[in-house]
Amino acid sequence: VQDADLFGPTAQLAGAGLSNAGRPRLPIRLMVALLYLKHAFNLSDEELCDRWSENVVWQFFSGMAYYEPRLPCDATQIGRFRRVLGEAGVEQLLKSTIEASVAMGAVKKSEFEMIIVDTTVQEKAIAHPTDSRLLEIARHKVASAAKRCGIALKQTHAKEGKELRRKAGGYAHAKQFKRLRRTVKRQRTILGALMRDAQRGLESISQGVAGHEPTALAVAELMKWLQRAEQIRTQQRHSKHKLYALHAPEVDCISKGKARKPYEFGVKVSLAVTHKHGLMVGARAFPGNPYDGHTLAEQLEQTNTLLQDIGVRPTTAVVDLGFRGVDEEIAPVKCIHRGKIKSLDKRQRGWLKRRQAIEPAIGHTKSDNRMDRCWLSGSTGDALHAVLCAAGFNIRWLLRAIAAKGLAALLLVLSQLAL
């Protein structure tokens, strides 16, 4: 059975009987629509499924022919579908929103020749890192992993560890820093003793002395936590490449110079919007906290990929002073920033006045489209989340454009009736 809708032609097999291959997959259109709606309306997976079952418009957007008062899928299936898509797949979702804006006439193709680029921080879903908290979590992780390997530890220091964590919090609040340092030093001591005990157990297992044989997965898990615990135990205030969360080693400490938030813990994300209407045409995560200027070439590469079917390439990038010194790297794209103000003509200075237009777009992407906190694991999760947030921003942008075009048509009809 052949059919066509807003998402293009689809093919379905009818009258083939029951399949022995198990439960069939859910329609791609449904799962893609759920990802769009999740980030457009800032919903969790569970909230999204509940609201979808009550919203007729959302079901029509998802390709349903009739209203169905049921959940579209289990909430966990959305995460699995996202992992299957990968970074290239979610970029295709963002690309579809850009092409839809051109198809409906909301944006002219010539507008994609000039873009505004800026960077922000996509914070990770971690607690604020303190030495005392990280040391206690490392102690607990090593003790639990050693237990799963069947290693009999002399002491787990569970009671003392909890008491030291409570004391450290009280001393820090009371600004009794000498006592705080003494408490943290003791936490490092008991963590080191626990790690040495676990390592001796691993050596006995490898030599065949132990009376049991743990699984390879349990041993690998213990070695992973031992490595991260050693980094937590030995890092100091001015150490490089510090570990800020045991479950998310990819987190960086980034300072953007904000008075209200001097340090943010996450990954740097570069965003690109059109100069005139502010449509999002690029979003890319850059682990490792690189210099802003070193991200511009890769951001332009992604934008060119997203715009390749439209037939337009960016020729001008309006940026801030953090992108200085990269003119040769991004040639033939022209980079305009405030540092070149004396060499710019009157028209280019006018372009520069709209550079700040990307700032509210960043704010709305964080507050309305879930970029304020990333709950997905690993560097891959950071990359997927950044692109999906940009796609959700574009969905909201398209809804406003549709409403504006409808209002303009209504005003035209009313003016004709008045004549």
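**Group meeting: a sheet and a charged patch**

Of the 419 residues in the protein chain, 46% are buried, where buried means under 20% relative accessible area, exposed over 50%, and partly exposed in between (1.4 Å probe, protein chains only). A word on the source: this is a predicted model, local features need pLDDT of at least 70, side-chain atom pairs count only at pLDDT 80 or more, and totals for chains, interfaces and linings use all residues. Residues are numbered from 1 along each chain as its sequence is written, and side-chain values use heavy atoms, with hydrogens and water left out.

First, the overall picture. The protein chain has 13 helices and eight strands; these are DSSP runs numbered from the N terminus, helices being H or I with at least four residues and strands E with at least two. The C-alpha trace spans about 90 × 75 × 40 Å along its principal axes.

Now strand 3, residues 114–123. It is largely enclosed by the rest of the structure, because 10 of its 10 residues are buried. In a regular strand, side chains alternate between the two faces of the sheet. Here both faces are covered. M114, I116, D118, T120 and Q122 lie on one side. I115, V117, T119, V121 and E123 lie on the other.

What does strand 3 pair with in the antiparallel sense? Strand 5, residues 264–274, over nine bridges. Two strands count as paired if DSSP finds at least two bridges between them. D118 has L271 as its bridge partner, and Q122 stands opposite V267. Strand 3 also runs parallel to strand 7, residues 316–318, with three bridges joining them. There, M114 stands opposite T316.

On to strand 5. It is mostly covered, with 11 of its 11 residues buried. Strand 4, residues 252–254, joins it antiparallel through three bridges; C253 is partnered with F265. Strand 6, residues 280–286, is also antiparallel to strand 5, with six bridges. A272 pairs with G282 there. Five residues lie between the strands of this hairpin, and G278 takes a positive phi near 75 degrees.

Last, the surface. Which residues form the negative patch? They are E46, E47, D50, E54 and D74. Patch residues have over 30% relative accessible area and no salt bridge; like charges are joined within 9 Å, and nonpolar side chains (Val, Leu, Ile, Met, Phe, Trp, Tyr) within 5 Å. A salt bridge is a side-chain nitrogen of Lys or Arg within 4 Å of a carboxyl oxygen of Asp or Glu. E47 sits in helix 2, residues 45–52. At a relative accessible area of 42%, E47 is partly exposed.

Methods:
Accessible areas come from the Shrake-Rupley method with a 1.4 Å probe; for residues, only the protein chains shown count as cover. Lys and Arg count as positive and Asp and Glu as negative; His and the chain ends are not counted. The place of a charge is taken as NZ of Lys, CZ of Arg, CG of Asp or CD of Glu.
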